[in-house]
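Trainee: Before we look at the model together, could you take me through the terms one at a time and set each value against its definition?

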Amino acid sequence: MKVCIVGASGKLGRYMVRHALERGYEVVGVCRAKSVAKLDEYRDRITIVRGMTDDREVIRSAVAGCDAVLTVLVPWGVHNYSSGTASAVLDFSRPDARLVFSCGWHITRDGQDVYPRGFGLQVRAMTLIARALRFADVDDQVEACRRIFASNRRWTVVRGSDLEEGESQGLPVWREHVGDPLLASNRTRRIDFALFLVEAMTNDELIGQAPAIVGRLTPSAVAAGAQETGAQATGAAR
Ligand SMILES: NC(=O)c1ccc[n+]([C@@H]2O[C@H](COP(=O)([O-])OP(=O)(O)OC[C@H]3O[C@@H](n4cnc5c(N)ncnc54)[C@H](OP(=O)(O)O)[C@@H]3O)[C@@H](O)[C@H]2O)c1
């Protein structure tokens, strides 16, 4: 399987490169020219395409011939970076390619998520401050996801909880909506977020889904008994 990882040099991206190589996949990584050195340990095993991820020509050449595209959706700056990246991936990837995107719990597909108290205000405040500083535009990540949800492609949008570093705990568990008690711990190891994204490429049950994930050994997941069966880590965990 040939996989393109858009945003390969970031923390999440490098974990995804590692998981993909461990599975024997051929990897093409897109990253900014200034970040190529961050992929040095994989230099001889992957193809690196340099450029901004919202550069349509960069994405066009990177996704050519790929069976799947893993995209780290990030809302940097105030010039539609996230939606530009998503549109390029949707427009240029093979029609049958599996498309998997990362984002956070703040994205909602159907408005049925029930957020922890204060969560909405916190996101709104961060959105306004980041935009005022011209640092990031969270609303553009929302727009990116709206385009993905509206597309007829074979997509999955994986919604990460708060992240932490640490050893892998295995594949995170998920629910369709934030607010489910299983997700209450709101914590996932970054390495496992990457694992879920990579595994999603070969899990057709996740096509057209926006799973909200949480670490399988977090207290809320353990309380729900979700860590005990592999099935609940994938399709059955709704
Ligand atoms: N951080 C969290 O707590 C959290 C929580 C839930 C979900 N998420 C989701 O996880 C994903 C990101 O994960 P992460 O926090 O671990 O970050 P990350 O993997 O470090 O990814 C950041 C990406 O953004 C790129 N980037 C950084 N600054 C940039 C700039 N000014 N212009 C263009 N690109 C730039 C990085 O590329 P370079 O290598 O070139 O710098 C890298 O590819 C996002 O989809 C986010 O919504 C994060």
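Mentor: Let us begin with L195, which counts as buried because it has 22 C-beta neighbours inside 10 Å, the definition being that a residue is buried if 20 or more other C-beta atoms lie within 10 Å of its own, exposed if 12 or fewer, and partly exposed in between, with C-beta atoms placed from the backbone. This is a predicted model, in which local features need pLDDT of at least 70 and side-chain atom pairs count only at pLDDT 80 or more, while totals for chains, interfaces and linings use all residues. Residues are numbered from 1 along each chain as its sequence is written.

Trainee: Where does L195 lie, and what is L195 in contact with, leaving aside its neighbours within four places in sequence?

Mentor: L195 is placed in helix 6, where helices (H or I, at least four residues) and strands (E, at least two) are DSSP runs, numbered from the N terminus. Leaving aside neighbours within four places in sequence, L195 is in contact with H19, S168 and L171, and two residues are in contact if their C-beta atoms, placed from the backbone, lie within 7 Å.

Trainee: Why are helix 1 and helix 6 called oblique to each other?

Mentor: Their axes come within 8 Å and cross at roughly 55°, where axes are lines fitted to C-alpha atoms, for helices over the stretch in contact, and angles run from 0 to 180 degrees between N-to-C directions. Angles under 35 degrees count as roughly parallel, over 145 as roughly antiparallel, 65 to 115 as roughly perpendicular and the rest as oblique, and helix 1 and helix 6 are therefore oblique. In this contact K11, L12, Y15, M16, H19 and A20 of helix 1 meet R190, I191, F193, A194, L195, L197 and V198 of helix 6. By class, the contact has 10 nonpolar, 1 polar and 2 charged residues, given that Ala, Val, Leu, Ile, Met, Phe, Trp, Tyr, Cys and Pro count as nonpolar, Asp, Glu, Lys and Arg as charged, and the others, Gly among them, as polar.

Trainee: What makes helix 3 and helix 5 roughly parallel to each other?

Mentor: Helix 3 and helix 5 (residues 138–150) pack at an angle of about 20°, with their axes 7 Å apart, and therefore they are roughly parallel to each other. Among the residues that meet are Y81, T85 and L90 in helix 3 and D140, A144 and I148 in helix 5. The residues of this contact divide into 5 nonpolar, 5 polar and 3 charged.

Trainee: How do you know whether A88 is buried or exposed?

Mentor: A88, in helix 3 (residues 81–92), has 22 C-beta neighbours inside 10 Å and therefore counts as buried. Beyond its neighbours within four places in sequence, A88 is in contact with D54, R56 and I59.

Trainee: Which class does D113 fall into, buried or exposed, and why?

Mentor: D113 has 21 other C-beta atoms within 10 Å, and so D113 is buried, although its place is in the loop between strand 5 and helix 4. Leaving aside neighbours within four places in sequence, D113 is in contact with T108, H177, V178 and G179.

Trainee: What is the phi of R134, and why is R134 called exposed?

Mentor: The phi of R134 is near 55°, a positive value in a residue other than glycine, and R134 is found in the loop between helix 4 (119–132) and helix 5. R134 has 10 other C-beta atoms within 10 Å, and so R134 is exposed.

Trainee: Which residues come nearest to the ligand?

Mentor: Of the 21 residues around the ligand, G7, G10, L12, S35 and G160 come nearest, where a residue is near a molecule or strand if its C-beta atom, placed from the backbone, lies within 6 Å of it. Helix 1 (11–22) and strand 5 (98–104) are the elements that give two or more residues to this shell.
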